[in-house]
Every structure is written in C-alpha cells, then in structure tokens.
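This briefing goes through a two-chain model by topic. Please keep the sequence and the coordinates at hand while reading.

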Amino acid sequence: MKQHDFIQMRQKSWDVFAEAVKEPHKLHEYDIDLPHAFRQLTHDLAVAKSRLYSPALISRLNDLLLQGQQCLYKPGNRIWAPFWQFVKYDFPAHLLLIRPYVIWAHILFYGFALITFTATMIEPDFVRNVMPNAQVTQLEQMYDPASRIDENTGNFRNERDSDSDFLMFGFYIKNNISIAFQCFVGGFLLGFGTLYYLLFNAIFFGAVSAHIVNVGFSSTFFSFVITHGSFELTAIVLSAAAGGVVGMHVIRPGALSRAAALKRAGKITFPIIFGAFLMLVVAAFIEAFWSSSTTLPNAVKYTVGAICWVWILIYIFPRGSRDTKVLP
Amino acid sequence: MKIDNQINLETAEGIDIQLTPAGIGVRTLAFVYDLLIRVVIVAAAAIALSFAGKMGIGLILIVVFLVEWFYPVVFEITKGQTPGKKSFGLTVVYDNGLPVNLAGSLIRNLFRAADFLPAFYLLGGVCMLLSSHNKRVGDYIGGTMVVYKEAPIRMSYFSFDKQQKVDIKLDEETQKSVIAFAERSKTLSPQRQQELADIMSPITQVTGPEAISHLKSIAANLVGKT
C-alpha cells in the first residue's frame, strides 16, 4: 500500500484520537476506547516505519503517540498523601538503611563540639582561634540580655517585631540549606568535603556555645537555640551522614563501577536530603517565630525544646531490622 | 548515520517514541527568561509592599523565598513548563516521557541548590555537558529531563503542476529524502527549492525549474498520489 492510500484509510481515526487527547479531563465526552485506539496507533506507526513512509507522517504519528501516552499513563498529582507517605515511611526507612553513618555523623559532630566546648571553657581565649574578634563582639552583643531591655540599642529590642521574624526566616532557610548541601556535596570529594564542613560547624558551634556561657549570657542563648536546634542540627548531621554514604561509595564501590556506585548512593541518599530540607524549613519557622520570642518564659521554651529533641531522636532512630531492604 | 540527539523511548505497546532532549544553550536562555520574570515579580511585590512598612519587608522576603523555591514547581506541575521553557518550546518530563508531577518537580528544583555549586550553576552545567540526555544533577535525582515540545505537525499536501512519467530506481534513504523535500516544499523559498533540486540532478538528469516539479512527481509517485 502506498503512503497516500494509507493516510486516506487511517486519517479519520487519527483525527478523532488527536481531538480526544487534547483535553484529557474531557475524555469521557468522546466515544473512544482510548487504550484500543492507542494500540492501533502504535501499530500504524510501526507500519509507517517499516514501509519507509515519509518523515512528516512518522513524526506526526510519533507526536500523536506521545500525547496519547501522556494522557493514558499520566501519573496522579496528589499532594498530601505522598508527603505523608514520605514522612511516615520512606524517610525513616532510609535512615534505618544508613544508620551506621547517622551514628558516626552524630558522634563526630557532637564529639568535636564537646571538645571545643571544653577547650573554650578551660581557656576562654580559644574562641578567638575559631572566629575573628569583630565577630566575637557582635556575637556577645546579640545574646546580651541587657541589649533586649534597652530600647535604644538598635536591632535587638525587648521583643523583635514580627516583621523582622519574616526577615530572619528567609535568611535562616538560605543559610542552613547551603550548609546542609555543602555537607552532602562534600561527599563527592571522597567524603573529605563532608568531614570538613561537619567538623568546621561542630568546632564553631562548640566554641561559640562555651563562649556564651563564659560571658554569662547562657540563658538568652540556650533558650533561643534549644527548640529549633533539634531540627536544624539534626538536619545538618543527617546531610553529613548522606555525604558520608556518597563518599564511601566513591572510595569503596565494591563490585560496582564507580559511576554505578554513585548512582546507587544517590538513590539511597536523596530521600535523606529531601527529609533534611523539610526539617530545615520547620527549623526556620521555629527559629523565626518561636525561638526569638521574648514574651515566652524560658521554662516553656526549655520544655518544648526538650520534647522536640526527644521526638526527633526517636524519629531518626526508628526501630526495625536493617535486613529489610527498601531498595530493590 | 545518527547526527541528532533524539532518544527512543519504548512504550509498553512495543513501539519507540522519539524525544529530543534540550541542550545547555536553550535551557540557559529559558532560565534567564524565567529569572527576568522572577525579578519582575519580586520587584512588583517590593513596590507594592514597600508601603506596608516593616511588615511589608517581611512579606517581601516571604515572596522572595516562595518565588525562589516554588516558582518552577508550580508551573511544572500545572502546565508542564515554566513560562521561560514555554517560550523556547521546552517541557519537563519524566525519563519515561510522562508529564512530571509534584514529587519529580520538587526534587529537581530542590537540587538546584546542588547544581548551583560552587557558583553560577557550574556543577549543573558540567553535568549537563557530560550527560547524554543533557541532565543536570537535579534531573538525575528526580529522574526527569527537559525535552523539546514540538508544535503539532501539520501533514502537508504538496501540489505539483503536471504529472510526469518517472522511471528511476532510488534507494530507500533517497526515497525518503525526496518525499520529505516535496512535503516541506511549501516552507522553502523557490530559490532554496531550486538549490535542493539541483543536488539531485545527477540522478534525475534534469536541471532548472523543471527539476523541482520533476522531483515532486517522483515523490507523488512514491506516496501513491496520482
């Protein structure tokens, strides 16, 4: 059969098909058995290709098929159910899968933080090895309880206005996410990048906390950081654990090629990174709208903070057997 | 010989569908287009909200946050393409050619932050250049790709002045080229048609304006038009 006759024979059903798939949500208005029409179309395309019909015909059929496929197999667009599924099952399952890395990341982060904390407690000037003088002064000002009572000291008044809460929210998200990503992406440098960023932040965190204690502002500082710290520090530690997984897959790919090992590592770690992102958004909310409040009594903040810590630790160390594979 | 970058996707029905991944150049243009739109949105919000005092500044920052992280997501899951991509005829699909939904879109746009590293999308750019389907890191992780969304193809019916008796044996590839020439002839200027027809003159033994109608006759014969 020549091309012209073929087109004449099939043209009508193609037109019907094209019309129907144009508006997928109105499909029921058309009297068309879409799966059947689709299979017929694939057949037409196969015929057209094998008989060397013209490129224009083939690409038109190809285009129709693509539209048909997108219409037939379009994935659903539900929003909340996948989120819930992720938070309740996928994220904890992947955390379980990389538990040794999670534990090591915690040990390294809090271990080094503790070391610099102790060092700064014993030798207060140690903090100046970690950050320059100007920054130390700025830090002291930030957590100085006196600056909150004095109306004229500028930025930090009795209660920060809610508008600057919004401002800080944007700032925190940006800052934390970039730290988390640095920790993760550092994994590609054989894991050394991850180690560098994790330890850098640990040392900084330890030294700063101890310095605040040394200068006697601990109540403003710890009441500020305790609540959102649970989400924020944990998210950063988890990103580092994910970076560690990537680094280890590069160093020791096992039976796989390095490229395949990296792909595998990506598959294991991306739910971790996504989960960390969600945690950081939550942390930024808490940090901007709850932690900064000075009207709440410290006792409430400590209680809520402690509850958050306990909950998050239970969450990221789920019970279960690591033999249960979540990956094929 | 394969000189294009089309990829074949095999469907469950056992047929290949062809898609063309978009390269780094056109995607950069689309990105800049989107960037300009985002700047305009933020600027408009800034002007409107600047009258709301300090609260306004906070709201502006929320707008910046939303526009930065969710501008592409919203457009990709509702329309399959951001305005920038639309203007360059691109669309985001999953690796199997299906339209992207929330999960894929969220992941590929969240991992922009990784693509951006160390500065100005260097990692994403390098990744795209090394990738056969022009994927950046976010595309790999989300299992998505950016492809050309072709305008609906109109079947063209070529016309010719007079049917000529043709008795030439052509091989399969040449047959296809001749038919393609005839079908595309409406979009080509007469001069260009002439140039193309002259290429065939060693085979058809015809030159000048005759060659065009001669080729069209051959094409008509091949497709069975009389």
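In chain B, 61% of the contacts between residues at least 6 apart in sequence join residues at least 24 apart; two residues are in contact if their C-beta atoms, placed from the backbone, lie within 7 Å. The model is predicted: local features need pLDDT of at least 70, side-chain atom pairs count only at pLDDT 80 or more, and totals for chains, interfaces and linings use all residues. Residues are numbered from 1 along each chain as its sequence is written, while chains are lettered from A and ligands numbered from 1 in the order in which they are written.

**Chain B**

- Chain B holds 11 helices and 4 strands, where helices (H or I, at least four residues) and strands (E, at least two) are DSSP runs numbered from the N terminus.
- Of the 226 residues in chain B, 32% are buried. A residue is buried if 20 or more other C-beta atoms lie within 10 Å of its own, exposed if 12 or fewer, and partly exposed in between, with C-beta atoms placed from the backbone.
- Strands β3 (residues 90-94) and β4 of chain B pair in the antiparallel sense over 5 bridges; pairing requires that DSSP finds at least two bridges between two strands.
- In this pairing, B:Tyr94 stands opposite B:Thr144 of β4(B).
- Strand β4(B), residues 144-148, is mostly covered, with 4 of its 5 residues buried.

**Contact between the chains**

- On the chain A side, 45 residues are in contact with 42 residues of chain B.
- Helices α1 (3-22), α2 (34-50), α3 (55-72), α9 (162-185) and α12 (258-291) of chain A each supply at least two residues of the side that touches chain B.
- That side of chain A divides into 23 nonpolar, 13 polar and 9 charged residues. Here Ala, Val, Leu, Ile, Met, Phe, Trp, Tyr, Cys and Pro count as nonpolar, Asp, Glu, Lys and Arg as charged, and the others, Gly among them, as polar.

- The 18 residues of α3(A) reach 25 Å from first C-alpha to last, close to the 26 Å expected at 1.5 Å a residue; the expected span is 1.5 Å times one less than the number of residues.
- Buried residues of α3(A) include A:Leu57, A:Arg60, A:Asn62 and A:Cys71.
- The buried residues of α3(A) pack against α1 and α2 of chain A together with β2 (16-19) of chain B.
- Helix α10(A), residues 192-215, has 24 residues and reaches 34 Å between its end C-alpha atoms, close to the 34 Å expected.

**A:Phe91**

- A:Phe91 lies in helix α4 (residues 80-97) of chain A.
- A:Phe91 counts as buried because it has 22 C-beta neighbours inside 10 Å.
- Not counting residues up to four places away in sequence, A:Phe91 touches A:Phe86, A:Pro271 and A:Gly275.

**UniProt annotation**

- An unreviewed UniProt entry lists "transmembrane region" for chain A, including residues 272-293 and 299-317; annotations may be inferred rather than shown by experiment, and positions follow the numbering used here, with feature names shortened.
- Residues 272-293 of chain A are 91% helix and 0% strand, with end C-alpha atoms 31 Å apart.
- Residues 299-317 of chain A are 95% helix and 0% strand, with end C-alpha atoms 27 Å apart.

**Confidence**

- Chain A averages a pLDDT of 84, and 90% of the residues score at least 70; pLDDT is the predictor's confidence in each residue, from 0 to 100.
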